[in-house]
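This report walks through selected side-chain contacts, a surface patch and the strand pairing. Please keep the sequence and the 3D view at hand while reading.

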Amino acid sequence: MDIIGQLFTLIMLLLLQAVLGFDNLLYISIESKRAPKEKQAFVRKLGIGIAVLARIILLFLLTSIISAFVNPFLFMNWGFVEGQLNLESIIVLFGGIFILYTAVKEIFHMIGSDHLGSGDGDRKFKSPGRVIFTIVMMNLVFSFDSILSAMALAQEPVLDSAGNPTGETEYIFWIMATAIILSGLLMILLADKVSDFLQKNRLYEILGLFILFIVGIMLISEGAHKAHLKFFGNEIQPMTKTTFYFVIAILVLIDIVQSKFQKKLLAQKNQSATPDPQPKEPSNEPVQP
């Protein structure tokens, strides 16, 4: 691959990291609220920084021993459940379950909270170290797809001395590492802005939680598909990225329409509750004794 091809691949990987990093950034913004308020910005930045280093280490491991992640080691044939679990499918499955749990827990927290102004009045905060650890671990779960996609783009066949392909593949490590580092820096720059936006617009935080809910379902279906899980002979199909973004677009559209309709109802209610400012004309009828 020449230098022009490598630069083009780098640009493609940066765009891929930006698209796939949206749900990751949303999760980081929501998860960082579990830390004390004065530590939340620090937790987001440090968590993303450590996660970037962990991604590079994971990238090195995947390029070196990818067969250990994709080869099945546990076979299931229990009548109604069939499957072939490998390390990748287990990580993605449990990551999706954890994200689904987080989204549902936060939704119920918002429903049961008596402090809607900040949302933190009755929240039990975690230590910054625990929040950072959770952010790093979930960042690795989110990064599996982007790293495997990067490996598919940033590779070239190994040629022998005569210029013929040997059948082996060589990964261009510096392109993938550069894309990971640049996308990590972009996430650090945007993390506080996304978190502040959700804090100032609490209705959009509800939308973000439901998007995170869909992300959890997508990861569970993807992990189940990677494990070739079948229930009663029916194999689970993964949610495609097209379906995911279509569902997100529908959720955003519903939220916009509902917000406008709610503002209209509130304006009509306030208008009907406002007393008539026009003074009543005095009556000309004689006063009865």
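Does Asp192 count as buried or exposed? Asp192 counts as buried, because its relative accessibility is 18% and the cut-off for buried is under 20%. The model is predicted.

## Salt bridges around Asp192

Four salt bridges are found in the structure. One of them joins Asp192 to Arg44, with 3.0 Å between the closest N and O atoms. Asp192 belongs to helix α5 (residues 173-200) and Arg44 to helix α2 (residues 40-70), so this contact ties together parts that are 148 residues apart in sequence. Both Asp192 and Arg44 are buried.

Asp192 also forms a salt bridge with Lys45. Here the closest N and O atoms are 2.3 Å apart. This pair links distant parts of the chain as well: Lys45 sits in helix α2 and Asp192 in helix α5, 147 residues apart. Lys45 is partly exposed, at a relative accessible area of 36%. Taken together, Arg44, Lys45 and Asp192 make up a network of salt bridges.

Another salt bridge joins the side chains of Lys226 and Glu222, at 3.9 Å from N to O. That distance counts because the limit is 4 Å. Both residues lie in helix α6 (residues 202-226). They are four residues apart, about one turn of the helix.

Glu222 counts as buried, with 11%.

## Aromatic pairs

Across the whole structure, a search finds two aromatic pairs. Phe80 and Phe232 form a tilted pair. Their ring centres are 5.9 Å apart, with 35 degrees between the planes. Phe80 lies in the loop between β1 (74-77) and β2 (81-85), and Phe232 in the loop between β5 (230-231) and β6 (234-235), so the pair ties together parts that are 152 residues apart in sequence. Phe80 is partly exposed, with a relative accessible area of 44%. Phe232 counts as exposed, at 66% relative accessibility.

Phe98 and Tyr101 also form a pair: their ring centres are 6.4 Å apart and their planes stand at 45 degrees, so this pair is tilted. Both residues lie in helix α3 (residues 87-112). Three residues separate their positions, about one turn of the helix. Phe98 is partly exposed, with a relative accessible area of 31%. Tyr101 counts as partly exposed too, at 48% relative accessibility.

## Strand pairing

What is the strand order of the open sheet? The sheet has four strands, in the order β1-β2-β5-β6, and the pairing is antiparallel. β1 and β6 are the edge strands, each pairing on one side only.

β1 and β2 pair in the antiparallel sense over four bridges. Asn77 has Glu82 in β2 as its bridge partner. The two strands, β1 and β2, form a hairpin with three residues between them. Gly79 in the turn has a positive phi of about 85 degrees. Phe80, of the aromatic pair with Phe232, also lies in the loop between β1 and β2.

β2 and β5 pair in the antiparallel sense over two bridges. Glu82 has Lys230 in β5 as its bridge partner.

## A nonpolar surface patch

Which residues make the nonpolar surface patch? Phe246, Ile250, Leu253, Ile254 and Val257 make it, over about 480 Å². Phe246 lies in helix α7 (residues 241-273). Phe246 is exposed, with a relative accessible area of 55%; the cut-off for exposed is over 50%.

Key: Residues numbered from 1 in each chain as written. Predicted model: local features only at pLDDT ≥ 70, side-chain atom pairs only at ≥ 80, totals over all residues. Heavy atoms only, no water. Buried < 20%, exposed > 50% of the residue type's maximum accessible area, 1.4 Å probe, protein only. Patch = residues over 30% accessible without salt bridge, like charges linked within 9 Å, V, L, I, M, F, W, Y side chains within 5 Å. Areas by Shrake-Rupley, 256 points an atom, 1.4 Å probe, with all protein chains shown as cover. Phe/Tyr/Trp six-rings, centres within 6.5 Å; stacked < 30°, edge-to-face > 60°. Pairing = 2+ DSSP bridges.
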